[in-house]
Amino acid sequence: MATVTLRPTSGSGTSWSNIANAYDTSTSTTATVSVSSSNYSSRTATFNFDISEIPSNAIINSATLTIRCKGSSNNRITLYADINGSSSSRVINSSCSTSTGNKTADVTSYMSNLNSIKLTGYNSRSSSYTLSIYDINIEVTYELPKATYTVTFVDWDGTVLKTQTVEEGSSATAPSNPTRDGYTFIGWSGSYTNVTSNLTIMAQYEESIENLKIGNITVNGCYIGEEKVIGIYLGNFLIYSK
């Protein structure tokens, strides 16, 4: 899992002072604006974000918007934060106190098309109060999807018995053991655990002793007591070996 902190690439706002201080990575310098009931709607600030730093195929686990701010008078200013300038996507609506503090919001669901955040310091009073923004950022945690590979199980003649797609580091599941006339299945040609590449796994066989015929008689295994004979001779001549 990776974590990246996104900061605005630029910012603009009418009647704001030192607006770049809101995203200069310092939490001691501040951007400010004076707002009253008659002018707050025109004294917004828009901060632009570049989300290309996050890989396009990333799975975003969380994204938290943090705005560090304060007001010049206790709870006289309410901070609005709107995704892409839309009040229907307002993620922060909170009063500012005279103590510097953080306003946070979960913006995970907006990250696929987040371009900007618009801030408004709402003031319902005719007297002007100052809104100070010390910092604005979005902390994103994400992970990349694992690579996938194809594991193909084939029979002795190339017949595909099973094809399976597995994530990198995972294991495939073999099909049921195949059968072949005159042969005994003894396993697969390679490992299919902890897969890190495309694989072709072939069924392995050995000839069955049942192949041995003497005349028209098929020998289905020869034993001495409980020991299976693995070589059959006629005199000194080996006619079967297993």
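Tutor: A salt bridge is a side-chain nitrogen of Lys or Arg within 4 Å of a carboxyl oxygen of Asp or Glu. The model is predicted: local features need pLDDT of at least 70, side-chain atom pairs count only at pLDDT 80 or more, and totals for chains, interfaces and linings use all residues. Residues are numbered from 1 along each chain as its sequence is written, and side-chain values use heavy atoms, with hydrogens and water left out.

Student: How many salt bridges does a search of the whole structure find?

Tutor: Side chains of opposite charge can pair when their charged atoms come close. Searching the whole structure for such pairs gives a count of two.

Student: Which residue forms a salt bridge with Asp135?

Tutor: The closest N and O atoms of this pair are 2.6 Å apart, and the partner of Asp135 is Arg7. Asp135 lies in strand β10 (residues 129-143) and Arg7 in the loop between β1 (2-6) and β2, 128 residues apart, so distant parts of the chain are linked. Strands here are DSSP runs of E with at least two residues, and helices are runs of H or I with at least four, numbered from the N terminus. The residue asked for is Arg7.

Student: Does Asp82 count as buried or exposed?

Tutor: Buried means under 20% relative accessible area, exposed over 50%, and partly exposed in between, with a 1.4 Å probe and protein chains only. Asp82 meets Arg90 in a salt bridge (2.7 Å, N to O), and Arg90, at 32% relative accessibility, counts as partly exposed. At 1% relative accessibility, Asp82 counts as buried.

Student: Which residue in β7 is the bridge partner of Tyr80?

Tutor: Strand β6 (residues 77-83) runs antiparallel to β7, and six bridges join them. In β7, the bridge partner of Tyr80 is Asn93.

Key: Two strands pair if DSSP finds at least two bridges between them.
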